[in-house]
Amino acid sequence: MAPMATGIAAWGLMTGVAMVKSGMSVTEALAMTFLVYAGSSQLASIPLIVAAAPAWVILATGFCVNLRFVVFSLHLRPYLMHLPRWRRLVNGYLTADLSYALFTRRFPHPGATAAEHHEQEAYLSGNYFVTWCSWMLASVIGIGLGNLIPTAWGLGFAGVLCLVGILCSLANTPLRLLSALIASAAAVAAYALPLKLNIVVAITLAVLVSFWLEKKMPLAAEHPA
């Protein structure tokens, strides 16, 4: 996770700056950073908060933007169901795109023994620690320097590049590559939808097509490209 920490920090820094420049107080920005811990939802909700949109619209937007974590949690369920509920909730809060991507690449199958469970949770915890610290530290710095750092720097783009890099490394089977292409095309085609619903459409379509193809061609789905 360490090589990606710089990109995560850049994204967190830009999010912190954006919150302050939107008119949020330092207290509100810090509370949002530590409680929400979701850059895409934070950035999507900022203009709605500034526009005094109804609370349900802000919550619905955050839900739609982060709907991908429903897919993540369904995939991680077999890995974590042996844990107590409070530890599963902690894992849910700390799960991020990059930690999920690296974990599933390292452990394609859930552990079968106590030792394997411990190894997998330890790997997750290490990634969580780096991701959370990078994001929080940079966000707090961005909040503190919000009036000094120009938003025109576009530092958040570094975080996007990190996600794209991980995505490319994970698209190592024909089915994964196809699902990435379907999601990309659907997101662009449905870009005009409100509340970032193009992301929901892209995820839903890619998941449905992938499930259908996986049942029809299980060998092709598992064979690396």
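Which residue forms a salt bridge with Asp97, and how far apart are the closest N and O atoms? In this predicted model, the partner of Asp97 is Arg68, and the closest N and O atoms of the pair are 2.6 Å apart.

Glu121 is buried, with a relative accessible area of 16%, whereas Arg87, with a relative accessible area of 29%, is partly exposed. Over the whole chain there are 12 positive and 7 negative side chains, and the centres of these two sets lie 6 Å apart.

The chain that holds these pairs has twelve helices and zero strands. Its radius of gyration is 18 Å, close to the 17 Å that the globule rule gives for 225 residues, so the chain is as compact as a globular protein of that length. Along the principal axes, the C-alpha atoms fill a box of roughly 55 × 40 × 30 Å. Of the 225 residues, 42% count as buried, and the accessible surface of the chain comes to about 12,500 Å², with carbon and sulfur atoms making up 73% of that area. Among contacts with a separation of 6 or more, 77% are between residues 24 or more positions apart.

Individual residues illustrate both ends of the accessibility scale. Gly16, which has its place in helix α1 (residues 2-21), is buried, with a relative accessible area of 0%. When residues up to four places away in sequence are not counted, Gly16 touches Ser139, Gly142 and Ile143. The C-alpha atoms of Gly16 and Asn147 are separated by 11 Å, although the two residues are 131 residues apart along the chain. Trp56, by contrast, lies in helix α4 (residues 55-65) and is exposed, with a relative accessible area of 61%. Between the C-alpha atoms of Trp56 and Leu98, which are 42 residues apart along the chain, the separation is 29 Å.

Tyr37, located in the loop between α2 (26-36) and α3 (39-50), has a phi near 50°, a positive value in a residue other than glycine. Ala52 is placed in the loop between α3 and α4, and it too has a positive phi, of about 60°, although it is not a glycine.

Conventions:
Residues numbered from 1 in each chain as written. Predicted model: local features only at pLDDT ≥ 70, side-chain atom pairs only at ≥ 80, totals over all residues. Heavy atoms only, no water. Helix = DSSP H or I, 4+ residues; strand = E, 2+ residues; numbered from the N terminus. Rg over C-alpha atoms; globule rule 2.2 N^0.38 Å. Buried < 20%, exposed > 50% of the residue type's maximum accessible area, 1.4 Å probe, protein only. Contact = heavy atoms within 4.5 Å. Areas by Shrake-Rupley, 256 points an atom, 1.4 Å probe, with all protein chains shown as cover. Lys, Arg positive; Asp, Glu negative; His and termini not counted. Charge placed at Lys NZ, Arg CZ, Asp CG, Glu CD. Salt bridge = Lys/Arg side-chain N within 4 Å of Asp/Glu carboxyl O.
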